[in-house]
Amino acid sequence: MHRPRSLAAIYRLRLAAILWCARSILLPTAVGIMLYGAMLSHQAVTWIGAGVGVLGGLLTILQWVIATKARCPLCASQVLSHQGCSRHRRAKKLFGSHRCRVAMAIVFRNGFSCPNCNEPTQLQLRDSVNPRNR
Ligand SMILES: [Zn+2]
């Protein structure tokens, strides 16, 4: 079980995971609202869907920026951004995505298994860094 060295690394991983979950919900919702508005020929509903889509796009850009700094404490790979690196042969997916599994694990379990090195990470400070253990 590996642990990050700093609180900033933990915050970056959590924020990138929350943003990944938010944009994964917002973008399909925007498409659904826009289709609903188009079916009803209701222009205000279509604009609301477009606004939700723009918000999802902005969250996606922010997530990309933050995810470039969110790294695995062991192999230093970017676990929440697409790098094109080969994944570990035993790394598992959720809904066909390694990033989805990592983001959900960070949000709901406070830890993740790195898809590149397949080592578990707990989002707590290392004992040598944690001031509560001194
Ligand atoms: Zn790793």
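What pattern does the protein follow, read along the sequence? In this predicted model, the order of elements is α-α-α-β-β, so the secondary structure comes to three helices and two strands. The radius of gyration is 18 Å, well over the 14 Å that the globule rule gives for 134 residues, so the protein is more spread out than a compact globule. Buried residues account for 36% of the 134 residues. Among contacts between residues at least 6 apart in sequence, 62% join residues that are at least 24 apart.

Let us turn to the metal site. The zinc ion is held by the SG atoms of Cys72, Cys75, Cys114 and Cys117, at 2.2 to 2.4 Å. Why is the arrangement called tetrahedral? The four donor atoms subtend angles of 104 to 117° around the zinc ion, and four donors count as tetrahedral if all angles lie between 85 and 135 degrees. Along the sequence, the donor residues are spaced C-x2-C-x38-C-x2-C. Cys72 and Cys117 thus link distant parts of the chain, 45 residues apart. Cys72 sits in the loop between α2 (43-67) and α3 (98-109), while Cys117 belongs to the loop between β1 (111-113) and β2 (120-122). Are these two cysteines buried or exposed? Cys72 counts as buried because its relative accessibility is 3%, and Cys117 is buried too, with a relative accessible area of 18%.

Next, follow the chain to strand β2, where you will find Pro120. Its relative accessibility of 30% makes Pro120 partly exposed. Leaving aside neighbours within four places in sequence, Pro120 is in contact with Met1, His2, Phe112 and Ser113. Pro120 and Pro73 are 47 residues apart in sequence, and their C-alpha atoms are 10.0 Å apart in space.

Finally, have a look at Arg99 in helix α3.

Methods: Residues are numbered from 1 along each chain as its sequence is written. This is a predicted model: local features need pLDDT of at least 70, side-chain atom pairs count only at pLDDT 80 or more; totals for chains, interfaces and linings use all residues. Side-chain values use heavy atoms; hydrogens and water are left out. Donors are N, O and S atoms within 2.8 Å of the metal (3.2 Å for Na, K and Ca); water is not among the atoms, so sites may look incomplete. Four donors count as tetrahedral if all angles lie between 85 and 135 degrees; four count as square planar and six as octahedral if opposite donors are over 155 degrees apart and all others between 65 and 115; anything else is irregular. Helices (H or I, at least four residues) and strands (E, at least two) are DSSP runs, numbered from the N terminus. Buried means under 20% relative accessible area, exposed over 50%, partly exposed in between (1.4 Å probe, protein chains only). The radius of gyration is taken over C-alpha atoms; the globule rule is 2.2 Å times the number of residues to the power 0.38. Contact means heavy atoms within 4.5 Å.
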